[in-house]
Amino acid sequence: MKNSVRNVYLFPYVIWIGLFVVAPILLILYYSFFDIDGNWTFANYKTFFTPIYLKMAASSVWYAFLITLFSLLVAYPTAYLLTKTKHKQLWLLLIILPTWVNLLLKVYAFLGIFGTYGLANAILETVGIGKKQILFTDFSFVFVSVYIFIPFMILPIFNSLEELNPTLVDAARDLGASAWTTFRRVVFPLTLDGVKAGCQAVFIPSLSLFMITRLVAGNRVITLGTAIEQHFLVTQNWGMGSTIAVFLIIAMAIVVIVTGNRK
């Protein structure tokens with residue numbers, strides 16, 4: 001009886017996954033075998049393994065790695081400090097609030113901040129450095145991306161730190177471990193699941209960025225996400241765009257497997 005009731009509740013979930021996850025993936029896989037003229041072909045996969053697309057794939061992975069790394073370096077100490085503050089839930093809400101703002105609006109805000117007459121250059125002029133070209137650089141692209149994704153890194157790490165038994169930390173200190181040793185041997189290993197979840201939440205979407213590369217990096221940074229946008233909206237080569245998407249899905253699946261919980 002319990003199994004039948006459970007299956008009834010499971011049915012809508014299975015339908016949802018089938019229609020909005022499995023079906024789109026199969027559709028992308030199907031279209032990847034057609035050329036721009038609608039002919040069945042394997043040429044798209046052969047084209048993907050040419051230097052231009054392999055370089056683009058390497059660039060996507062590299063920038064996704066940088067965004068994830070910087071997000072982690074900022075998020076972990078931030079999450080740790082949050083667990084020690086008095087009004088932690090309020091501070092956490094303030095961190096989450098920017099995620100409620102439309103992504104395009106946040107990107108355009110940085111266009112103003114990093115522009116020639118924006119706040120960043122005004123500060124540089126005030127301290128005597130002078131105006132610099134901040135927009136359309138690798139720095140601006142990584143900075144804006146980290147700003148956008150960092151709440152998704154903080155949340156799982158914060159939850160892991162909150163669930164950490166404080167007596168384990170006290171025991172390590174009582175046994176003579178330094179603060180660094182306690183963090184390295186006790187705190188970080190026990191919060192590694194939160195770190196992995198945060199890395200998944202940041203690295204996977206970072207692989208397919210295209211809007212930020214266009215607006216903030218000025219197409220100076222070319223990623224697979226940019227290529228997919230171009231093939232679907234400009235060249236109308238849906239087959240090649242789908243082929244790139246297939247490899248992105250494979251890359252994302254590998255990330256999930258590597259960072260997954262093996263318990």
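This section describes the overall fold of a predicted model and then turns to a helix pair, the salt bridges and several individual residues.

The protein chain comprises 263 residues, of which 38% count as buried. Its secondary structure amounts to 13 helices and zero strands. Read from the N terminus, the order of elements is accordingly α-α-α-α-α-α-α-α-α-α-α-α-α. Along the principal axes, the C-alpha atoms occupy a box of roughly 75 × 70 × 30 Å.

The packing of helices can be considered through one pair. In general, two packed helices are described by the angle between their axes and by the distance between those axes. For helix H10 (residues 192–207) and helix H13 (residues 238–259), the axes come within 10 Å and cross at roughly 170°. Because angles over 145 degrees count as roughly antiparallel, H10 and H13 are assigned to that class. On the side of H10, the contact is formed by Lys196, Gln200, Phe203, Ile204 and Leu207. On the side of H13, the contributing residues are Leu248, Ala251, Met252, Val255, Val256 and Thr259. Grouped by class, the contact of H10 with H13 contains eight nonpolar, two polar and one charged residues.

Helix H10 also contains Ser206. With a relative accessibility of 4%, Ser206 counts as buried. The side chain of Ser206 reaches the backbone oxygen of Val202 at 2.6 Å. When residues up to four places away in sequence are not counted, Ser206 touches Ala64, Ile67 and Phe149.

Charged pairs were examined next. Side chains of opposite charge can pair when their charged atoms come close. Two salt bridges are present in the structure. One of them joins Glu162 to Lys88, with the closest N and O atoms 3.2 Å apart. Glu162 belongs to helix H7 (residues 138–163) and Lys88 to helix H4 (residues 88–96); the pair thus links distant parts of the chain, 74 residues apart. Glu162 has a relative accessibility of 37% and counts as partly exposed.

A salt bridge is also formed between Arg214 and Glu229, where the closest N and O atoms are 2.7 Å apart. Arg214 is located in helix H11 (residues 211–215) and Glu229 in helix H12 (residues 224–233), so this pair ties together parts that are 15 residues apart in sequence. The two partners fall into separate accessibility classes: Arg214 is partly exposed, with a relative accessible area of 29%, whereas Glu229 is buried, with a relative accessible area of 16%.

Helix H12 contains Phe232 as well. The relative accessible area of Phe232 is 25%, and this residue is therefore classed as partly exposed. Apart from neighbours within four places in sequence, Phe232 is in contact with Trp238, Gly241 and Ser242. Phe232 and Leu94 are 138 residues apart along the chain, and their C-alpha atoms are separated by 37 Å.

Backbone geometry in the loops provides a further point of description. Most residues other than glycine have a negative phi. In Phe136, by contrast, phi is near 60°, a positive value in a residue other than glycine. Phe136 is placed in the loop between helix H6 (119–126) and H7. At 41% relative accessibility, Phe136 is counted as partly exposed. Gln236 likewise has a phi near 60°, again a positive value in a residue other than glycine. The loop between H12 and H13 holds Gln236. With a relative accessible area of 44%, Gln236 is partly exposed.

A further loop residue is Thr50, found between helix H2 (43–48) and helix H3 (51–84). Thr50 has a relative accessibility of 28% and therefore counts as partly exposed. The side chain of Thr50 reaches the backbone oxygen of Thr47 at 2.5 Å.

Terms used: Residues numbered from 1 in each chain as written. Predicted model: local features only at pLDDT ≥ 70, side-chain atom pairs only at ≥ 80, totals over all residues. Heavy atoms only, no water. Axes fitted to C-alpha atoms, helices over the stretch in contact; angles between N-to-C directions. Helix = DSSP H or I, 4+ residues; strand = E, 2+ residues; numbered from the N terminus. Parallel < 35°, antiparallel > 145°, perpendicular 65-115°, else oblique. Contact = heavy atoms within 4.5 Å. Nonpolar A, V, L, I, M, F, W, Y, C, P; charged D, E, K, R; others polar. Salt bridge = Lys/Arg side-chain N within 4 Å of Asp/Glu carboxyl O. Buried < 20%, exposed > 50% of the residue type's maximum accessible area, 1.4 Å probe, protein only. Polar contact = N/O pair within 3.5 Å; in protein donor to acceptor, adjacent residues only side chain to side chain.
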